[in-house]
Amino acid sequence: MTLNPKLLLVDDDRRLAESMADWLRFQQFNVDQAHSLAGGRRAIQEQTYDLMLLDLRLEDGDGFALIAETKRRQPDCAILVLTGYATPNTAIEAVQAGAFDLLTKPLVDEELSHALERALAQQNIQAENEKLRAQLDSRFGLEHILSHDYRMLKIFDVIDSVADARASVLITGENGTGKSMIARAVHKRSNRRNNPFVEVACGALPDNLLESELFGHVIGSFTGATTNKVGKFKQADGGTIFLDEIGTASQAFQVKLLRVLQELQFEPLGGTETETVDTRVILATNENLAQAVSSGQFRQDLFYRVNVINIELPALRERSGDVPLLVDHFLREVCETTGRDVQGFDRDALAILQSYAWPGNVRELENVVERAVLLARDSVLTRNDLPPHLLSSSTNPRTASDSFDSPSTLSSDSGSGQTLREALEEPERRIILESLRLHNWNRAATADTLGVNRTTLYKKMKRLGLDDPRLQFMGAEAR
């Protein structure tokens, strides 16, 4: 039972109410009393209650009116109705009005105690369900997609804008950038959130099995089809279907998919009856579909159909400012799951993590953090806890496509045609940028570390292009 649940007792029989209140307090309830309909209304306006014991017949009105008002003001309050004139219809009306249970007078202590315990147990179950639902929303909603990068923030805005739209969404990006998570976030943000989200890896299935998987089949449609099967499109009716790796689909399958996207109709494999669905379609690929159209591998009409809303995810190397944020998140997740006590990475190790190109993107980073935590011998992780290939890569220039996030080292002929000042700018820029990142863009701390005053640092940042807001976004809150 919840510790000292707060209970409102509403009964116009004062002697009975006082006796019952004393007994309830002895049972560790925190009890308030009201002796009229008006008093009960005042109480629920001023206080919040876990439970209410309510006599249906009050001198100044019907207890049903207080049930309705309480459920409107305090929907989580469990109401137990008391009456000396119970009939089957009374019980039905009370439950329909929102009461948890109906008890008849005179009350038996054991009966009342069990009823209160059941009401509190039901509340605990509802609270746990809400907690699990919130965790699920957090896991697959935007709250679980961590980024301070301006490109990702624009994507978050797009997700909110298109979540309730009927149009198809095409998510593009390299492997490991989180396309599945973005698809789930679109679904969770939409008015379809309480309906199914069905994910299909198109590249993992041959054509005949993919068609059966998506559209279902009837008995005898192929060898081994011994029963009817409901396809994924039908399972996602009213919700969202996510077709991953759509760039691998064959020409024959693309024709069938185009019809479904246009008409929301299909026939199960081997069947003649047309199925109609209301399913939102989200697709993803790591391939360049425009090039696939040019080479004839992907149908042009299907491309235009799926490319209504395109969400292009940047690679992790293009938003290296997010690496510390993601590292901290993954580290806390692994520690919570495994029970390890690891505080984090030291500056040297974090600098290596930020300078690495991450060909496997966020997924690779998560695996590296998990490996480091599992193999850690100390509470602070160092470069010795990182995989060897990260250490060997840390001395090489990063191959990011975004010039803001990927300062390169000087090549052997970098001074050709340059003044001395121009030749020195790039290493100076790299040193300042790395220090800013290590201090989460705290300029005062960066200036102290570099041994310059803040005015000098600001001037250098402006001259070297480090005052660009896209670079500084991660440190915006600190400033």
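User: What should helix α13 span, and how far apart are its end C-alpha atoms?
Analyst: Helix α13 covers residues 323-338, which is 16 residues, and at 1.5 Å a residue it should span 22 Å. Its end C-alpha atoms are 22 Å apart, so the two values agree. The expected span is 1.5 Å times one less than the number of residues. Helices here are DSSP runs of H or I with at least four residues, strands are runs of E with at least two, and both are numbered from the N terminus.

User: What kind of model is this?
Analyst: This is a predicted model, where local features need pLDDT of at least 70, side-chain atom pairs count only at pLDDT 80 or more, and totals for chains, interfaces and linings use all residues. Residues are numbered from 1 along each chain as its sequence is written, and side-chain values use heavy atoms, with hydrogens and water left out.

User: Which residues of α13 are buried?
Analyst: Val323, Pro324, Leu326, Val327, His329, Phe330, Leu331, Val334 and Cys335. Buried means under 20% relative accessible area, exposed over 50%, and partly exposed in between (1.4 Å probe, protein chains only).

User: What do they pack against?
Analyst: The buried residues of α13 pack against β15 (344-345), α14 (347-355), α15 (361-375) and β16 (380-381). Contact means heavy atoms within 4.5 Å.

User: At what angle do α13 and α14 pack?
Analyst: The angle is about 115°, and the axes are 10 Å apart. Axes are lines fitted to C-alpha atoms, for helices over the stretch in contact, and angles run from 0 to 180 degrees between N-to-C directions.

User: Which residues meet there?
Analyst: On the α13 side, Val323, Pro324 and Val327; on the α14 side, Leu350, Leu353 and Gln354. By class, that contact of α13 with α14 has five nonpolar residues, one polar and no charged. Ala, Val, Leu, Ile, Met, Phe, Trp, Tyr, Cys and Pro count as nonpolar, Asp, Glu, Lys and Arg as charged, and the others, Gly among them, as polar.

User: What comes just after α13?
Analyst: Gly339, with a positive phi of about 80°.

User: Which residues have a positive phi without being a glycine?
Analyst: Gln28 is one of them, at about 75°, and Asn361 is another, at about 60°. Most residues other than glycine have a negative phi.

User: Where are they, and is each buried or exposed?
Analyst: Gln28 is in the loop between α1 (14-26) and β2 (30-34), and it is partly exposed, with a relative accessible area of 48%. Asn361 lies in helix α15 and is buried at 0%.

User: New topic. How do α18 and α19 cross?
Analyst: The axes of α18 (residues 443-450) and α19 (residues 454-463) come within 9 Å and cross at roughly 100°. That makes α18 roughly perpendicular to α19. Angles under 35 degrees count as roughly parallel, over 145 as roughly antiparallel, 65 to 115 as roughly perpendicular and the rest as oblique.

User: And how do α6 and α7 pack?
Analyst: Helix α6 (residues 150-162) and helix α7 (residues 179-189) pack at about 40°, with axes 9 Å apart. The two are therefore oblique to each other. Ile155, Ile159 and Asp160 of α6 make the contact with Ile182, Ala185, Val186 and Arg189 of α7.

User: How many helices and strands does the protein have?
Analyst: It has 20 helices and 16 strands. Of its 479 residues, 44% count as buried.
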